[in-house]
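Here is a short briefing on a protein model, for you to read with the structure open beside you. Shall we take a look?

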Amino acid sequence: MITKEITIAQKKDSGKIIPLLVQKASQYKSTIHFTADSKTVNAKSIMGMLNFGVVSGVNITAEIDGEDEEEAMNGIVEFLS
């Protein structure tokens with residue numbers, strides 16, 4: 001399992017980023033969870049992510065566990081940065 005704090009880039013529009021982020025996370029076999037303000041969600045769940053409220057400039061913690069966790073972390077970081 002790997003964990004990393006990520007700051008969501010200022011240029012990202014939360015209304016557009018959520019479906020794309022769920023799609024990106026779903027490409028990987030690993031489990032992916034995001035945490036912010038004591039709230040944790042499954043990054044592959046569109047409903048969970050909509051309730052999570054991803055907004056630009058916010059710091060989130062990504063926790064990824066599985067066979068492709070390094071690749072998944074790199075992809076998520078690149079997408080959000």
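Strands here are DSSP runs of E with at least two residues, helices are runs of H or I with at least four, and both are numbered from the N terminus. This is a predicted model, in which local features need pLDDT of at least 70, side-chain atom pairs count only at pLDDT 80 or more, and totals for chains, interfaces and linings use all residues. Residues are numbered from 1 along each chain as its sequence is written, and side-chain values use heavy atoms, leaving out hydrogens and water.

**Strand pairing** (at least two DSSP bridges between two strands)
- Strand 4 pairs with strand 1 in the antiparallel sense over 6 bridges, and Asn-59 is the bridge partner of Thr-7.
- Strand 4 also pairs with strand 2, again antiparallel, over 5 bridges; here Ala-62 stands opposite Phe-34.

**Nonpolar core** (buried Ala, Val, Leu, Ile, Met, Phe, Trp, Tyr and Cys residues joined through side-chain atoms within 4.5 Å; buried means under 20% relative accessible area, exposed over 50%, partly exposed in between, with a 1.4 Å probe and protein chains only)
- The largest core holds 26 residues, and Ile-60, Phe-34 and Leu-80 are among those with the most contacts inside it.
- Helix 3 gives the most to this core, with 6 residues.
- Ile-60 is in contact (heavy atoms within 4.5 Å) with residues including Phe-34, Phe-52 and Leu-80.

**Lys-29**
- Lys-29 lies in the loop between helix 1 and strand 2, and counts as exposed because its relative accessibility is 64%.
- Beyond its neighbours within four places in sequence, Lys-29 is in contact with Lys-44, Glu-67 and Asp-68.
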